[in-house]
Amino acid sequence: MTRDEQEPTPDILTGTLIVDAIEGGLARVEREDGSTEDWPLASLPCGVQEGDVVRLTVSGGDLDIEIDHAETQRRQGTAQQQLDTLNQATPSGELDL
């Protein structure tokens, strides 16, 4: 079997990650299936922050990792809208407990 005839290996790293938290030299990331993993912060793009969406792509055997700024902003906007909606339902004034 020649190299061209071999079946391609699955790209287990292709997809997106959401950076859930950063502490010390580790970043807790959420994979698309909802599982979480601790990744070395040095393995993620420089300047990555909590809430960033990180896109992983394999091209020609090379792994590219980049922050998806558009998706990050879209997710943050959606979260803000949900928070604003929840806050509109709160009563004004002081609460009696």
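User: Which residue in the turn of the E4 and E5 hairpin has a positive phi?
Analyst: This is a predicted model. In it, E4 and E5 form a hairpin, with two residues between them. The turn holds a residue whose phi is positive, at about 65°. That residue is Gly60.

User: In what order do the five strands of the open sheet stand?
Analyst: The five strands pair in the antiparallel sense. Strand E3 (36–40) and strand E5 (62–67) have a single partner strand each, so they stand at the edges. One side of each is left without a neighbour in the sheet. The order is E3-E2-E1-E4-E5.

User: What does the twist average from one strand to the next?
Analyst: The sheet is open and its pairing is antiparallel. From one strand to the next, the twist averages 35°.

User: Over how many bridges do E1 and E4 pair?
Analyst: E1 covers residues 15–23 and also pairs with E2 (residues 26–31), over six bridges. On the E4 side, Leu17 has Val54 as its bridge partner. E1 and E4 pair in the antiparallel sense, and the number of bridges is four.

User: Which residue in E5 is the bridge partner of Val54?
Analyst: E4 and E5 pair in the antiparallel sense over six bridges. Val54 lies in E4, where it is the bridge partner of Leu17. In E5, the bridge partner of Val54 is Ile67.

User: At what angle to E4 does helix H1 run?
Analyst: H1 spans residues 69–88. It lies across E1, strand E4 (53–59) and E5. Its angle to E4 is about 150°.

Terms used. Residues numbered from 1 in each chain as written. Predicted model: local features only at pLDDT ≥ 70, side-chain atom pairs only at ≥ 80, totals over all residues. Heavy atoms only, no water. Pairing = 2+ DSSP bridges. Axes fitted to C-alpha atoms, helices over the stretch in contact; angles between N-to-C directions. Contact = heavy atoms within 4.5 Å.
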